[in-house]
Amino acid sequence: MIFHIINVLKFKQDIFVGSELNWFKEVYFIARTYLIPIYVFFYLICSNLTLPMFKKAISALSLFISSNIVITNIFKVSFISYASTLEKNSFITRNIFEWFYNPDKEFPAYMTSKGWFYMGNQIGLILFMLFVFVIFIAFEKRTIGSYLLILLNGIALAMVGTKVSSFGGCLVLILGLIFAIIFGVILKQFSFKLKHFVVYSVITAILFTVIAYSPIYTMQEDRNSAYEITEEQKRVTESLAQKFKDQGNKEQLSEEFIKNFSDYVNSSPYFFGIHPEFLKLYTIENHFDFWYDIVIYSNNKQVDYRYMKSLIYDNALIDNGNIVGDKLFGIGYISAFPYSERDFGSQNIWFGYLGTLLLIGPYLILILYGIFLALKNFKKCFTYQNALFAIGICAPLLISYLAGHLFFGIFSITIFAFIVTAFYKFQKEGYSE
């Protein structure tokens, strides 16, 4: 922490708008978001957590989160999933019933629902983690309530409307059936008869129908079309490139041209596929070369905001002139650099490689130790419990690497810590000598 703070306070304040030298805020953010979950993680490891207790907690969490999303959606008092902060939240324009006869095709994002939670991507990932276990709890209990919980959780995933929640929910439903056949029918580790197959198939058919009418497909169509360069955009960029050539080399650019270019792009950022927040963070006036190349030569790659953040970060490291220190100890949350929407990478940016190892490493270490305990008794470890733990742990880690939001909040980190602890406890009690 000391080396991190020292390095953060060296970061040049004129690189990002909003950057501040507030070491207390940095320490508070790390303690609140990362150290408290680690404490809870340690407490859970030392507790007498059992598999039945774990299943009850998973069911309760799923019921609480799913009910919040579904009920608020029905009454149209749910916040849309695609809002970066609570201050920018808006209520949905359509509920689930209107998806089928009156969808909002012009603004599909306003049909996505995250209930009254903070981030749609994060709550979608949490529901995805819970969904894996909810399905197998239903296979064990085989009660009406447990099957209804699958339906409720699945509908909530469709309402969130992200790729992780919608397509991930479909994948888990398919894997659930495959594992039921392998572990229930073939290996007979739990009862899975024809009537259970029929009930599960009906639930799956309902959820696939809901997802088919959900906003996810329209959202993806809008995103794909955003990558296409229009004739107007091509004409404008060619005109800007010609005006730039008329100015001579970069060292001879007039202030008037830079100002005109800046005013034009700032007034129509979405025309060039640029999020206006990036222009406020990393201004054209101070970084003209960077933004000129983005507008003229990037072929609309800037539409991918994760890609854009990585470009800005790489350029900022050069501006700061402390590449080794920044990569080892990080530039800090107080640098004002936004969350990159990719875990591990985001933590590397803020806290450096060493900070990421300390703040995220404990979960990975216990997962590896749990795998080691299971493999010590390889013949006994091939169970449906380990199969669901494999999905419930590995899939969120992969998703967090690709799309983030697992290690970006106390809520999601703590739930993941709870799942990892249950996995470790199960291996220790079931397979250790």
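Student: Is His405 buried or exposed?
Tutor: This is a predicted model, and in it His405 is buried, with a relative accessible area of 4%.
Student: Where does His405 lie?
Tutor: His405 is in the loop that runs between helix H17 (384–403) and helix H18 (410–431). Its phi is positive, about 80 degrees, although His405 is not a glycine.
Student: What about Arg142, which loop is that in?
Tutor: Arg142 is in the loop between helix H5 (120–141) and H6. Arg142 also has a positive phi, of about 55 degrees, without being a glycine. With 34% relative accessibility, Arg142 counts as partly exposed.
Student: Moving on to helices. At what angle do the axes of H6 and H8 cross?
Tutor: Roughly 15 degrees, for H6 (residues 144–160) and H8 (residues 194–212), and the axes come within 9 Å. H6 is therefore roughly parallel to H8, since angles under 35 degrees count that way. The crossing is right-handed.
Student: Which residues in H6 meet H8?
Tutor: Tyr147, Ile150, Leu151, Gly154, Ile155 and Ala158 from H6. On the H8 side they meet His196, Val199, Ile203, Ile206, Leu207, Val210 and Ile211. By class, this contact has 11 nonpolar, 2 polar and no charged residues.
Student: And Ser166, what does it touch?
Tutor: Leaving aside residues up to four places away in sequence, Ser166 touches Leu157, Ala158, Gly161, Ile211 and Ile216. Ser166 is in helix H7 (residues 163–186).
Student: Why does Ser166 count as buried?
Tutor: Because its relative accessibility is 0%, and buried means under 20%.

How values were computed
Residues are numbered from 1 along each chain as its sequence is written. This is a predicted model: local features need pLDDT of at least 70, side-chain atom pairs count only at pLDDT 80 or more; totals for chains, interfaces and linings use all residues. Side-chain values use heavy atoms; hydrogens and water are left out. Axes are lines fitted to C-alpha atoms, for helices over the stretch in contact, and angles run from 0 to 180 degrees between N-to-C directions. Helices (H or I, at least four residues) and strands (E, at least two) are DSSP runs, numbered from the N terminus. Angles under 35 degrees count as roughly parallel, over 145 as roughly antiparallel, 65 to 115 as roughly perpendicular and the rest as oblique. A crossing is left-handed if the near helix is turned anticlockwise from the far one by less than a right angle, and right-handed if clockwise. Contact means heavy atoms within 4.5 Å. Ala, Val, Leu, Ile, Met, Phe, Trp, Tyr, Cys and Pro count as nonpolar, Asp, Glu, Lys and Arg as charged, and the others, Gly among them, as polar. Buried means under 20% relative accessible area, exposed over 50%, partly exposed in between (1.4 Å probe, protein chains only).
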